[in-house]
Amino acid sequence: MKIYLNEFIHPDAASHLRSQAEVVTNFDHIEELDGIIVRGTQVTGEMIRAAKNLKVIGRHGIAMNIIDLDAARECGVRVLNTPRTNANSVAEYIVGCFLAMSRHFYECNVKLRRGAFTRIAPPDLLGSDVSGKTVGLVGMGNISQLVAKIMRNAFDCEICGYDPFVDNERAAALGFKKYERLEDLLEVSDLVNISVPLSKGTVGLVSGDMFRHFKPGAILVNAARGQIVNEDGLYCALTEGPLKAAAFDTFAVEPLPKDSKLLTLENFSATPHIGGNTEEALYRTGIAVVDNVINVIKGQPADGIIV
Ligand SMILES: NC(=O)c1ccc[n+]([C@@H]2O[C@H](COP(=O)([O-])OP(=O)(O)OC[C@H]3O[C@@H](n4cnc5c(N)ncnc54)[C@H](O)[C@@H]3O)[C@@H](O)[C@H]2O)c1
């Protein structure tokens, strides 16, 4: 069997693939491919229609906007992703941000390095505990459920959620206090995290007047997708309130350009989309995408099927 792969995946997963299939690194003979594995490479309708032998496209990761799903459906090609394989790593990143921003880690580092302190424990950098706080989770999917588990078990936090696709019974079973309106969730939450997919319904979910609904002094974390939060509005909310601090891993343009005005703020932490970038997540994701693509080609059950 011939499988296209031309991006970095965990070396063990790449060896696992090579031990079972011929790996092709270009689309010169696309009509011969049985499978395609991508991380960021676009798979267009034109490519799918030309790949007459293609059975499956595997997305290393979650977001499916790089693959023409309609064309895949039309051509009877299965498409799958790797749900849950990096959720734990992203959840740990989010919890790390809650702690770091509550205690001004980033601002302390910046100021200490430029010799800004004349005393220890500066009063203007008084932090706050995360213990016992109210955590507001936008989206109640895999990542949010893991964040909820850590924040509840480790820090005795109250867990609230907003997710129109999760019914009251399921929310209660997951231990979330469910809010029907995002505004209401923001008004009660000390620590807010966004973990929803980018879609027509989530572009600009937090923009304009929505910023006014954050509790004064709240901390906002976004490791989902940049377009979900308006960056100009975020800048205002961080400089004029109500936000105390924010930590973002994803931006409308990535990596975040160095002239972004957000980077001038010491109450803002920016990382270059590293939420799922751990050894463990890379390994789990690589093995999952290889196993599932090969299973589909062999006609065996596979996980993460979208189409
Ligand atoms: N920073 C990173 O490295 C990284 C890594 C993995 C995932 N992500 C992002 O995190 C997102 C969430 O991942 P997940 O594994 O938790 O996904 P998931 O599919 O398990 O959960 C997403 C949840 O969002 C909910 N949702 C959809 N539209 C909504 C809306 N308009 N309002 C509120 N809730 C809504 C869904 O019902 C679902 O429960 C991904 O789509 C991806 O964009 C980022």
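This is a predicted model: local features need pLDDT of at least 70, side-chain atom pairs count only at pLDDT 80 or more; totals for chains, interfaces and linings use all residues.
User: Which backbone atoms lie by ligand oxygens, and at what distance?

Analyst: A polar backbone atom of Gly276 is 3.0 Å from an oxygen atom of the ligand. For Gly141, a backbone N or O atom lies 3.4 Å from a ligand oxygen. Both values are within 3.5 Å. The protein covers 85% of the 870 Å² of accessible area that the ligand has on its own.

User: How many residues surround the ligand, and of what class are they?

Analyst: 23 residues surround the ligand. Asn142, Ile143, Asp163, Ala223 and Asp249 are the closest. By class, ten are nonpolar, ten polar and three charged.

User: How do you know how many disulfides there are?

Analyst: A search of the whole structure finds zero. Take Cys157: the nearest cysteine sulfur, that of Cys160, is 10 Å away. A disulfide needs the sulfur atoms within 2.5 Å. Cys157 is therefore in no disulfide. For Cys160 the nearest cysteine sulfur is that of Cys157, at 10 Å, and Cys160 is in no disulfide either.

User: Why is Cys157 called buried?

Analyst: Its relative accessibility is 6%. Buried means under 20%, so Cys157 counts as buried. Cys160, at 1%, is buried because it falls under that cut-off too.

User: What makes the span of helix 10 agree with its number of residues?

Analyst: Helix 10 covers residues 279–297, which is 19 residues. At 1.5 Å a residue, they should span 27 Å. The end C-alpha atoms are 27 Å apart, so the two values agree.

User: Why is helix 10 described as largely enclosed by the rest of the structure?

Analyst: 14 of its 19 residues are buried, so the description holds for helix 10.

User: What follows helix 10?

Analyst: Gly299 does, with a positive phi near 80°.

User: Where is Thr85, and is Thr85 buried or exposed?

Analyst: Thr85 sits in the loop between strand 5 (78–80) and helix 4 (87–102). Its relative accessible area is 11%. That is under 20%, so Thr85 is buried.

User: What makes the pairing of Thr85 with Thr285 a polar contact?

Analyst: The side chains of Thr85 and Thr285 are in contact at 2.8 Å. The limit is 3.5 Å. The pair is within it.

Note on methods
Residues are numbered from 1 along each chain as its sequence is written. Side-chain values use heavy atoms; hydrogens and water are left out. A residue is near a molecule or strand if one of its heavy atoms lies within 4 Å of it. A polar contact is a pair of N or O atoms within 3.5 Å; within protein, one must be able to donate a hydrogen and the other to accept it, and residues adjacent in sequence count only if both atoms are side-chain atoms. Accessible areas come from the Shrake-Rupley method with a 1.4 Å probe; for residues, only the protein chains shown count as cover. Ala, Val, Leu, Ile, Met, Phe, Trp, Tyr, Cys and Pro count as nonpolar, Asp, Glu, Lys and Arg as charged, and the others, Gly among them, as polar. Buried means under 20% relative accessible area, exposed over 50%, partly exposed in between (1.4 Å probe, protein chains only). Helices (H or I, at least four residues) and strands (E, at least two) are DSSP runs, numbered from the N terminus. The expected span of a helix is 1.5 Å times one less than its number of residues.
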